[in-house]
Amino acid sequence: MPWASAGWRTRAWLAAAAVVVVALGLVLVLAETGGPASTAAPTATSVPATPAGDPELRASVLGFVPILAGYAYRSDASSGLVDVGELSWAERPTGSRDCVALRRALDLTTASDSAARRGDLYARLGYLQAVGGGSRVSTLTIALRVFADPEAPAEIVRLVAAADCAAIATVRPFVPGTEEGTHLIATEAVLETIPLAGPDLGVGLRVGPEALTLPDGRVWRETGPSLAVEDRVYLIARGPYLVCLGATDVADPDATTLAVADQLLDHLGAR
């Protein structure tokens, strides 16, 4: 399977070679004795049909611990694995075709998650937080999707780089008092698209502060010091792996996110 580590592929190859050797030995015994040497049949190694069905991959993903000088790694209750097609982890995107595709890409979702792409693996892997950052804490969130289709991550990164979209938006439940069942729209402006240099295909987006359009049409925007915080989201593809990193007030964010993504992909044995 394309998502398998080099070690996994080696073990599978050795198992297949062992089956061939056993089969050749059986042929020789039959030729010498004229009858079967044993009633036991050799068994082949079971190959996971999807990334979500690969226990070694799941264990490897959960075993990742990033290291970044000046930061502490934290994993909270939201961290963990999701089998794609079994559960949705993202809000519903809205807007133009390009904007919907862009929002899905940043959430590591696709339009085919309940059909053709069932069995992919999604992982929310916690975050790195600056030690002693005061009221403005520098944070780097980490998420990963492993696709059965090894071409999909690169296609998604190219789509994001070419998207014609000024703002991404999602539909969010709004349930205060008697207005249960209505919804609001959460919007973030796309301020800049950032091409990334390096061996892996990657792209970054600088996004503006979130604005909420309430059910009655009023728009709420956050005010104060938080508006000075710089938010960037990065997507990095290598083979069947697509990494998403959200950087808030991170120094040298392009290089920092690339370094953390590289740690994760090397940990998974991606080449």
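# Pairs, cores and confidence

Visitor: How many aromatic pairs does the structure hold?

Guide: It holds one. Trp89 and Tyr122 are stacked, with 4.0 Å centre to centre and 5° between the planes. They sit 33 residues apart, Trp89 in the loop between β2 and β3 and Tyr122 in strand β4. To pair, rings of Phe, Tyr and Trp (its six-membered ring) need centres within 6.5 Å; planes under 30 degrees apart are stacked, over 60 edge-to-face, the rest tilted. Strands (E, at least two residues) and helices (H or I, at least four) are DSSP runs numbered from the N terminus.

Visitor: Trp89 and Tyr122, buried or exposed?

Guide: Trp89 and Tyr122 are both buried. That means under 20% relative accessible area; exposed is over 50%, and partly exposed is in between (1.4 Å probe, protein chains only).

Visitor: What kind of model is this?

Guide: It is predicted, so local features need pLDDT of at least 70 and side-chain atom pairs 80 or more, while totals for chains, interfaces and linings use all residues. Residues count from 1 along each chain as its sequence is written, and side-chain values use heavy atoms, without hydrogens or water.

Visitor: What is the mean pLDDT?

Guide: The mean is 80, and 75% of the residues reach 70 or more. Residues 5-44 fall below 50; beyond near neighbours in sequence, that stretch has 19 contacts in the model. pLDDT is the predictor's confidence in each residue, from 0 to 100. Contact means heavy atoms within 4.5 Å. Where pLDDT is low, the predicted coordinates should not be read in detail.

Visitor: On to charges. How many salt bridges are there?

Guide: The search of the whole structure gives 14. Each is a side-chain nitrogen of Lys or Arg within 4 Å of a carboxyl oxygen of Asp or Glu.

Visitor: Which residue does Arg172 bridge to?

Guide: Arg172 meets Glu91, at 2.9 Å from N to O. The two are 81 residues apart: Arg172 is in strand β6 (residues 167-174), Glu91 in the loop between β2 (80-83) and β3 (92-94).

Visitor: Why do they count as partly exposed?

Guide: Because Arg172 has 22% relative accessibility and Glu91 has 34%.

Visitor: What is the partner of Asp113?

Guide: Arg145, with the closest N and O atoms 2.8 Å apart. Asp113 lies in the loop between α3 (97-106) and β4 (121-130) and Arg145 in strand β5 (residues 139-146), so the bridge ties together parts 32 residues apart in sequence. Both Asp113 and Arg145 are buried.

Visitor: And Glu192? Which residue does it bridge to?

Guide: Glu192 bridges to Arg206, at 3.0 Å between the closest N and O atoms. Glu192 is in strand β7 (residues 182-195) and Arg206 in strand β8 (residues 201-207), 14 residues apart. Glu192 counts as partly exposed at 34% relative accessibility, as does Arg206 at 25%. Elsewhere, salt bridges with shared partners join Asp200, Arg238, Asp262 and Asp266 into one network.

Visitor: Where is Arg238?

Guide: Arg238 is in strand β11 (residues 231-238). Its relative accessibility is 11%, so Arg238 counts as buried.

Visitor: New topic. How many residues are in the largest nonpolar core?

Guide: It has 30 residues, and those with the most contacts inside it include Leu125, Ile142 and Leu245. At least two residues each come from α2 (55-62), β4, β5, β11, β12 and α5 (253-267). β4 gives the largest share, five residues. A nonpolar core is a set of buried Ala, Val, Leu, Ile, Met, Phe, Trp, Tyr and Cys residues joined through side-chain atoms within 4.5 Å.

Visitor: What does Leu245 touch?

Guide: Beyond neighbours within four places in sequence, the contacts of Leu245 include Leu140, Ile142, Val233, Ile236 and Val260.

Visitor: Last one. Which residues of helix α4 are buried?

Guide: In α4 (residues 152-162) they are Ala152, Pro153, Ala154, Ile156, Val157 and Val160. Their cover includes α3, β8, β11 and β12 (241-248).
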